Amino acid sequence: MVRWGRRAAAAVMLTCMMVPLAGCMPQDKAVGDTQETAAAIAHDGVDRADATVGVVGSTDAAKTSLDSQVVEAIGNDRMPALYAAGNTDAGSQQKAVRDFLDRNVKAIILHADQSTGWEETLTAARKAGIPVILLASAIEPDDQTLYAARFVVVPRDTQTGGVNYGIGDALMRVIDDKPHAKTMNVLLTGVE
């Protein structure tokens with residue numbers, strides 16, 4: 001009887017210790033978009049060389065040039081990038097997002113063409129604790145917690161009146177959960 005009691009107590013204690021780890025998604029915020037202000041205590045975030053980014057490309061062949069430029073710019077900023085072509089439909093794009101979740105990337109850039117049918121896939125990414133960044137996407141989710149940021153690619157010479165980030169810096173702000181705007185102007189550094 002004593003053995004059973006000890007085992008039960010150990011099981012309860014283990015369960016209590018794991019409960020805080022069970023939910024990777026922040027309350028009422030998108031993953032990667034939870035900080036309004038900088039933390040009072042500095043922390044060391046993910047190293048760029050360890051911050052693998054999954055890029056889900058457009059299904060439109062005319063838009064794949066932007067996808068290639070984004071992947072190249074991420075590599076130029078010393079970050080590993082994995083690319084999944086959108087093929088011909090939103091279903092292949094959604095499968096690519098799920099595949100990147102299985103590969104445990106640090107962030108997913110999504111160049112979605114179809115504006116509907118994304119809630120389940122984006123919710124899966126949120127539950128996995130992986131921030132999703134929309135790139136020139138047709139998606140406008142009512143639930144703002146389904147994506148961390150929207151990247152707007154701007155030419156180097158453009159004066160936007162706001163802050164322009166190199167794509168690597170913008171990605172690291174999202175991955176390290178540092179304060180950032182929901183819509184970020186990004187430069188594709190090192191890409192001609």
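The model is predicted, so local features need pLDDT of at least 70 and side-chain atom pairs count only at pLDDT 80 or more, while totals for chains, interfaces and linings use all residues. Residues are numbered from 1 along each chain as its sequence is written, and side-chain values use heavy atoms, with hydrogens and water left out. The protein chain has 5 helices and 7 strands; these are DSSP runs numbered from the N terminus, with helices being H or I of at least four residues and strands being E of at least two. Buried residues make up 40% of the 192 residues, where buried means under 20% relative accessible area, exposed means over 50%, and partly exposed is in between (1.4 Å probe, protein chains only).

- The 7 strands form an open sheet with parallel pairing, in the order 2-1-3-4-5-7-6; two strands pair if DSSP finds at least two bridges between them.
- At the edges sit strand 2 (81-84) and strand 6 (164-166), and each of them pairs on one side only.
- On average, neighbouring strands of this sheet are turned by 30 degrees against each other, direction ignored.
- In general, strands of a sheet pair through backbone hydrogen bonds, either parallel or antiparallel.
- Take strand 3 (residues 107-110) and strand 4 (residues 132-135): they run parallel and are joined by 3 bridges.
- Isoleucine 109 has isoleucine 133 in strand 4 as its bridge partner.
- Helix 2 (residues 64-76) packs on the sheet and touches strand 1 (53-56), strand 2, strand 3, strand 4 and strand 5 (149-153). Its direction makes about 165 degrees with that of strand 2; axes are lines fitted to C-alpha atoms, for helices over the stretch in contact, and angles run from 0 to 180 degrees between N-to-C directions.

**The nonpolar cores**

- The largest nonpolar core has 23 residues, and those with the most contacts inside it are Ile74, Ile109, Phe151, Ile167 and Leu171. Such a core is a set of buried Ala, Val, Leu, Ile, Met, Phe, Trp, Tyr and Cys residues joined through side-chain atoms within 4.5 Å.
- At least two residues of this core come from each of strand 1, helix 2, strand 3, strand 4, strand 5, helix 5 (167-175) and strand 7 (183-187).
- Helix 5 gives the most, with 6 residues.
- Leucine 171 touches Val53, Ile74, Met79, Ile109, Ile133 and Phe151, leaving out residues up to four places away in sequence; contact means heavy atoms within 4.5 Å.
- A second, separate core has 19 residues, including Ala84, Ala112, Leu122 and Ile139.

**Buried residues up close**

- Valine 55 belongs to strand 1 and is buried, with a relative accessible area of 1%. Beyond its neighbours within four places in sequence, valine 55 is in contact with Val70, Val71, Ile74, Leu82, Tyr83, Ala84, Phe100 and Ile109.
- Valine 55 and isoleucine 133 are 78 residues apart along the chain, and their C-alpha atoms are separated by 9.4 Å.
- Glutamine 94 lies in helix 3 (residues 90-102) and counts as buried too, at a relative accessible area of 14%. Gly117, Trp118 and Thr121 are what glutamine 94 touches, not counting residues up to four places away in sequence.
- Valine 105 lies in the loop between helix 3 and strand 3, yet it is buried at 3% relative accessibility. Its contacts, leaving aside neighbours within four places in sequence, are Thr52, Gly54, Leu82, Phe100 and Ile130.

**Charges over a ring**

- Tyrosine 147 has arginine 150 over its face, at 5.5 Å from the ring centre.
- The charged end of lysine 182 also sits over the ring of tyrosine 147, 4.5 Å from its centre. To count, NZ of Lys or CZ of Arg must be within 6 Å of the ring centre and within 35 degrees of the ring normal.

**Positive phi values**

- Most residues other than glycine have a negative phi.
- Alanine 136 is not a glycine, but has a positive phi of about 45 degrees. Alanine 136 is in the loop between strand 4 and strand 5 and is partly exposed, at 46% relative accessibility.
- Aspartate 177, in the loop between helix 5 and strand 7, has a positive phi near 60 degrees.
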